[in-house]
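Hello,

Here is the structure I promised to pass on to you. Please have a look at it first, and then read my notes below.

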Amino acid sequence: MCEAQKNTFSGGYSYSTYLSYNKTVQSWGDNYYGQLGRTTETGAYIVPSAIPNVENIVSIDAGFGSFCCALTSEGNVLSWGHNFYGELGVGQDCPGVCENRTADTVVGGETGTPLLENVIAIAIGQMHAYALLSTGEVVAWGNNTYGQLGDGTTVSHNVPTYVKTTPSKRLTNVKMIAAGGNNGYALTEDGHVYAWGDNQANQLACGDSD
């Protein structure tokens with residue numbers, strides 16, 4: 001399931017990542033916000049180098065910003081880089097923790113577990129992230145200025161929250177997810193596409209720009 005979303009290469013804002021055959025991650029480019037997973041800002045990262053303590057990875061996504069997430073073979077999600085809106089999903093945000101230069105594990109949030117579990121795919125936007133669960137449900141965290149977390153609010157969250165179709169009903173039966181800069185998309189098992197978030201240029205394709 002979702003094999004098409006198992007990313008091997010992914011480029012973010014002025015940096016790149018690559019998933020190696022041994023399930024480690026290489027990174028290179030800008031490290032101003034720690035998006036390479038290194039502990040120092042200085043240094044010429046002109047060639048790929050392995051990110052410390054990031055192992056057993058099956059998919060990587062650098063999104064559109066300066067933070068990165070990686071899906072482990074155990075179904076957990078690691079994150080590192082900038083954290084202006086809680087987009088690392090570790091229960092902290094700015095001004096307390098504005099960046100993290102070492103990988104940390106995304107917490108469970110609304111799922112009720114200490115750490116986010118049973119994840120089968122990830123998708124990263126500019127300052128928000130999605131995870132598709134084995135249950136067919138989707139959780140999101142980070143910036144929510146445009147409603148891109150899909151929880152019916154515009155309140156940002158530093159822990160995963162369920163994407164919903166109504167205030168009380170979760171989006172279900174999802175088999176694939178994608179993230180735009182400030183929006184999200186989901187393909188369901190019965191062939192429907194859901195979209196939410198920023199719609200100023202009609203990018204949600206719902207018939208208007210609301």
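To begin with the surface, the chain has an accessible area of about 9400 Å², and carbon and sulfur atoms hold 50% of that; the areas come from the Shrake-Rupley method with a 1.4 Å probe, and for residues only the protein chains shown count as cover.

A word on the source: this is a predicted model, in which local features need pLDDT of at least 70 and side-chain atom pairs count only at pLDDT 80 or more, while totals for chains, interfaces and linings use all residues. Residues are numbered from 1 along each chain as its sequence is written, and side-chain values use heavy atoms, with hydrogens and water left out.

**Overall picture**

You will find zero helices and 17 strands in the chain. Along the principal axes, the C-alpha atoms fill a box of roughly 50 × 35 × 30 Å.

Of the 210 residues, 49% are buried (under 20% relative accessible area, with exposed over 50% and partly exposed in between; 1.4 Å probe, protein chains only). Among contacts with a separation of 6 or more, 46% join residues 24 or more positions apart, a contact being heavy atoms within 4.5 Å.

As for charge, there are 8 positive and 19 negative side chains, and the centres of the two sets lie 6 Å apart. Lys and Arg count as positive and Asp and Glu as negative, without His and the chain ends; each charge is placed at NZ of Lys, CZ of Arg, CG of Asp or CD of Glu.

**Cores**

The largest nonpolar core has 17 residues, and C69, V77, L116, V119, V139 and W141 touch the most other members. Two or more residues each come from strand 6 (67–72), strand 9 (119–124), strand 10 (128–133) and strand 11 (138–142). V119 reaches L71, G75, V77, A131, L132 and L133, leaving aside residues up to four places away in sequence. Apart from this core lies another, of 15 residues, including Y130, L132, L149 and A179. A core here is a set of buried Ala, Val, Leu, Ile, Met, Phe, Trp, Tyr and Cys residues joined through side-chain atoms within 4.5 Å.

T188, in strand 16 (residues 183–188), is buried because its relative accessible area is 2%. Beyond four places in sequence, T188 touches T172, N173, V174, K175 and Y194.

N100 belongs to strand 8 (residues 99–105) and is also buried, at 17%. N100 and G34 are 66 residues apart in sequence, yet 6.3 Å apart from C-alpha to C-alpha.

**Backbone points to check**

Most residues other than glycine have a negative phi, and most peptide bonds are trans. C94 and P95 are joined by a cis peptide bond, with omega about 5°; P95 sits in the loop between strand 7 (77–82) and strand 8. S14 has a positive phi of about 70°, lies between strand 1 (9–11) and strand 2 (15–19), and is partly exposed at 47%. K23 has a phi near 70°, in the loop between strand 2 and strand 3 (25–29), and is partly exposed at 37%.

Best wishes

Conventions: Helices (H or I, at least four residues) and strands (E, at least two) are DSSP runs, numbered from the N terminus.
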